[in-house]
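Thanks for coming, everyone. Have the structure open on your own screen if you can, and stop me whenever you like.

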Amino acid sequence: MRIITSPELEMFRDQCRSWLKDNVPREKRPPEGEAMRAFDLAWQKRQYDGGWAGVSWPPEYGGRGLSVLEQLIWHEEYARAGAPPSGAMFVALSHAGPTLIVSGNEAQKARHLPPILKGEENWCQGFSEPGAGSDLASLKCRATIDGDYLVVNGTKIWTSYGHLADWQELLVRTDPDLPRHKGISWVICDMKAPGIDIRPIRAMSGLTHFTQVFYDDVRIPLANVVGGLNNGWRVAMTTLGFERGTGTIAHQIELSATVDKLIAVACELPAASGDGRAIDDQAVAADLAMLRAEVTALRSLTAASVSRGMREAVPGPEGNIVALYFGELSRRVHATALDLLGPRGIERGGHDWPLHYLEAFKWAIGGGTSEIRRNAIGERLLGLPKGPNAR
Amino acid sequence: MIVDLTLSEEQQLIDASVRKLLADRLPVERLREPANHAAAAEHEAWSALAELGLFGLGIPEARGGLGLGAPEEALVARALGLNLVSPAVVAQMLAPHLAEDDGLRAAFIAGEARTAFANAIDAENAHLLDHGGAQQLVLLSGGAALIPRSAAADPSPVEGIDETVSLARVAGAFAAVPRNAEADRASLLLAAYLTGIAQATCDMAVAYAGTREQFGQPIGAFQAIKHQCADMAVCAAAAEAQVFHAAITFGHGVDDAAEVSAARLLAGDAALANARANIQIHGGMGFTAECDAHLFLKRAHLIAVLGSSRRAEQTRLLNGTII
């Protein structure tokens, strides 16, 4: 337990801050569609040109090759500068890229990592299926070998930006006779390949970020299998580990800022009783104070997770603690906002609290529901026995 | 500010040696024996605690201490909570910070002069906790201060929620004084103690859920129990991360009052929530006095009110700055 600081790190932080100050896009980010994709890729290219893409990625593929400390400082300053979310680049930067760095072969890394950093290509994820959500290992999307190719048939769902992505990290069943965790492969799928049909799904917030993807005899070169045939479960768990680890820094800082904003709103808003400001109401003050305590703890939990990450190459099940805490807290923060705002809270526009409230539900579902995370914490961290029907 | 929340080798060593001493001399089971209540067992182990350096841990070497910091003190306070050690030991860790006289400070560090907490109830009344043998008192009344026994004369014993800690009421001049840095340190260490309770009760519930069988299997296999255990682990981890984060940055230019208040609120809630859940998971056994679960609940209530109220912590946190 110590403060980590050095003149070099402080200088690096100053450089981040000053570059971001001059370069964070001022124009409003389009909320969805091709315009959003173009915005997100252009912003990535700008970071690359400025020398800020892939701070901890290997230099031979266009990264800076710095340590996780510099990466952390970059994430912190990025969020504090109010820089746009990585959006359409998220899967490429936070899942697919890191997975290729750990599990990809030389040719795969050389082909795919540089275009990600340069903002030329983006990725989506193809893990969940209509029949394989929380029970991901039951996935059925089938790939049979035909010469040098895999031939894929089946469907994937909850694929964010599937209609806007160039590539997909795709989990397919390559051997149905092996035990269920063993017969899965992680493959690189070209989203423009013949036989792919993409249908958008409208979320309850009104945004159309999700898609369902259908595969009809889609041919994928065997050379696109990452980490070896039938080894996809292990490769995928690495990816999920990244998502549950340092991937939450930006979200954590954003949620802190939301609570600060909510406190500022409560200082302005007239009290429901008509007497003074909303913050003067002890119940309101108590709610907001507890939210601030919890976002502060989320920051500390994230720091603990990052500290462990500096010592372990691959994140462990502890990441579920941060993700569970974030998901549940996120929903509560936005529910408190609507409660506090009263009649004003149901109006869209401006900060759009209703949109954020509706979107926040996803944090306790996507990437593993709160319930599945509690199972993982109970079984993998605490060592409790598996349930009666678990396989 | 980047902080490393993992323990250094030296910190691991401190943690392990303190835990070993406490497991040997002051295990929770001792409290099943009334003869060990009111810090009786602690008084027997006092010189061993002093020899390990517990009372001078965060005092600079030039002033007779070990020259370590708030993180090491918090680590020790958490271990004290795991074993439900008398709050007088926490008071003794604070006393050298409050002593202005070099001789008195040295006596505290050596464990020769003893202290205990006096906790203000209102401007005229205070509680003394395990005060037997204390020459000076660490008064918590907004700020933290060292007061002589004469300022809290003729205490009358009262029965408290936690029968393992002696409680007395005393009249005196205990009007609230402004918050000071040592009050923040006291609150930080008490928060660390509470995370020890949160962790111990989580461990106890998990151990029971893994062995107690009903319907032909360990009850921990059922999600109703497993998920409660997971929630206990999460709230203990969150409180602990915040306590240690606040300890690392303590005195380094951040808003200590706000950081410590966040730690105290979460640690208090985690200790109480986990102590209650632990009783529930133990079922009928949890309701009996034979099971240690009740000891943690009672101690959590006792520690939670020392120099702290929810309202005051919340106000400090809302008015403060978190980075």
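**A walk through chains B and A**

Okay, let's start with a pair of strands in chain B: strand E2 (residues 115-120) and strand E3 (residues 125-129) run antiparallel and share four bridges. Ala120(B) sits opposite Ala126(B) of E3(B). Some ground rules before I go on. This is a predicted model, where local features need pLDDT of at least 70 and side-chain atom pairs count only at pLDDT 80 or more, while totals for chains, interfaces and linings use all residues. Residues are numbered from 1 along each chain as its sequence is written, and chains are lettered from A and ligands numbered from 1 in the order in which they are written. Helices (H or I, at least four residues) and strands (E, at least two) are DSSP runs, numbered from the N terminus. Strands pair if DSSP finds at least two bridges between them.

So what is the strand order in the open sheet of chain B? Reading across, the six strands go E5-E4-E2-E3-E7-E6, and the pairing is mixed. At the edges you have strand E5 (143-148) and strand E6 (156-158) of chain B, each pairing on one side only. On average, neighbouring strands in this sheet are turned by 35 degrees against each other, direction ignored.

Helix H4 (residues 87-98) of chain B lies across E2, E3, strand E4 (136-141) and E5 of chain B, at about 95 degrees to E2(B). For those angles, axes are lines fitted to C-alpha atoms, for helices over the stretch in contact, and the angles run from 0 to 180 degrees between N-to-C directions. Contact here is a C-beta criterion: within 7 Å, with C-beta atoms placed from the backbone.

Ala50(B) belongs to helix H2 (residues 40-51) of chain B. Is Ala50(B) partly exposed or buried? Partly exposed, because it has 17 C-beta neighbours inside 10 Å. The cut-offs are 20 or more other C-beta atoms within 10 Å for buried, 12 or fewer for exposed, and partly exposed in between, again with C-beta atoms placed from the backbone. Leaving aside neighbours within four places in sequence, Ala50(B) is in contact with Phe55(B), Ala110(B) and Gly111(B). The other one is Ala38(B), in the loop between helix H1 (9-25) and H2 of chain B. Ala38(B) has a positive phi of about 55 degrees, although it is not a glycine, and it is buried, with 22 other C-beta atoms within 10 Å.

Over to chain A, which has 11 helices and nine strands. Its C-alpha trace spans about 75 × 50 × 45 Å along the principal axes, and 43% of its 391 residues are buried.

Strand E3 (residues 142-146) of chain A pairs antiparallel with E4(A) over five bridges, and Thr144(A) stands opposite Val151(A). These two strands make a hairpin with two residues between them, and Gly147(A) in the turn has a positive phi of about 65 degrees. E4(A) also pairs antiparallel with strand E8 (residues 210-221) of chain A, over seven bridges; there, Leu150(A) has Ile220(A) as its bridge partner.

Strand E4 (residues 149-156) of chain A has a covered face, with Leu150(A), Val152(A), Gly154(A) and Lys156(A), and an uncovered one, with Tyr149(A), Val151(A), Asn153(A) and Thr155(A). Why the every-other pattern? In a regular strand the side chains alternate between the two faces of the sheet.

Last stop, the interface. The contact takes 39 residues from chain A and 42 residues from chain B. Which helix gives the most to the chain A side? That's H8(A), with 16 residues. By class, the chain A side has 26 nonpolar, seven polar and six charged residues; Ala, Val, Leu, Ile, Met, Phe, Trp, Tyr, Cys and Pro count as nonpolar, Asp, Glu, Lys and Arg as charged, and the others, Gly among them, as polar. H8(A) is also largely enclosed by the rest of the structure, because 22 of its 30 residues are buried.

And the chains pair directly too: E1(A) and strand E1 (residues 2-4) of chain B run antiparallel, joined by three bridges, with Ile3(A) opposite Val3(B). That's me done.

Key:
Two residues are in contact if their C-beta atoms, placed from the backbone, lie within 7 Å.
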